[in-house]
Amino acid sequence: FQFDFKSPGEEWEFFEDKKDKTMLVGCFKPGTSAEIRIYYANNDTGAKADKYFEAYEKLSKLKFQDYKHDPAADRVKSGKLEWYRVRYKAEDDTTVNVSAELDGLGGMIRLPPTDPEDAAKEKDAGAKKPKARDVTEFLLIQVDGVVRIKCSTTAGEGGQYADLFDKMNESFTLCFARRW
């Protein structure tokens, strides 16, 4: 799986998040809460895009607040790639497990992997609950895998990044030729 991702601007910086073991690329704007994360997951069931997205949407409506997807306006193209764009408010970093839904196991909410030592430290420190975030997310669903571009800011700040986030899929390019 190879891709190129173009930063949204010179002021944006790339970052690593050792706690987020599934993130491929992260980018943030210093001095703000704005960030972009790119993920890839296998499409374990081999489901076609419409079927996969149907399960994703069903679970997302249960998990996230203010979930929005307009089928006419939110199926967007970038080059030859078709993306699904959704918007919601997330109270935490959980994601939905679409494979379980498609396998007939009923939907599950998947928590991000947690290191037991980190969990103990957070509990001891009386860790605060993370702030809710406004999210614009793109899904590129293929039979073998799903690319997710998750653009987010602290809740209430999403409007100032809407124009940028609404086109973030255009900064992503799949590379089909082998580089070696």
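Select Thr153 first: setting aside neighbours within four places in sequence, Thr153 is in contact (heavy atoms within 4.5 Å) with Ser33, Ala34, Ala132, Arg133, Asp134, Gly158, Tyr161 and Phe165. The model is predicted, so local features need pLDDT of at least 70 and side-chain atom pairs count only at pLDDT 80 or more, while totals for chains, interfaces and linings use all residues. Residues are numbered from 1 along each chain as its sequence is written, and side-chain values use heavy atoms, with hydrogens and water left out.

Thr153 is found in strand β11, residues 145-154 (strands are DSSP runs of E, at least two residues, numbered from the N terminus). Its relative accessible area is 0%, so Thr153 is buried (buried means under 20%, exposed over 50%, partly exposed in between, with a 1.4 Å probe and protein chains only).

Next, select Phe5, Ile36, Ile38, Trp83, Ile149 and Phe172, which touch the most other members of the largest nonpolar core, a set of 21 residues. Such a core is made of buried Ala, Val, Leu, Ile, Met, Phe, Trp, Tyr and Cys residues joined through side-chain atoms within 4.5 Å. β11 gives the most to this core, three residues.

Now centre on Ile38. Beyond neighbours within four places in sequence, the contacts of Ile38 include Phe3, Phe5, Val147, Ile149 and Phe172.

For a second, separate core of 18 residues, pick Leu59, Phe64, Val135 and Ile141, which are among its members.

Finish at Pro30, in the loop between β3 (23-28) and β4 (35-42). Pro30 has a relative accessible area of 35%, so Pro30 is partly exposed. Outside four places in sequence, Pro30 is in contact with Glu11 and Glu13. From Pro30 to Glu11 the C-alpha distance is 7.4 Å, across 19 residues of sequence.

Terms used: Helix = DSSP H or I, 4+ residues; strand = E, 2+ residues; numbered from the N terminus.
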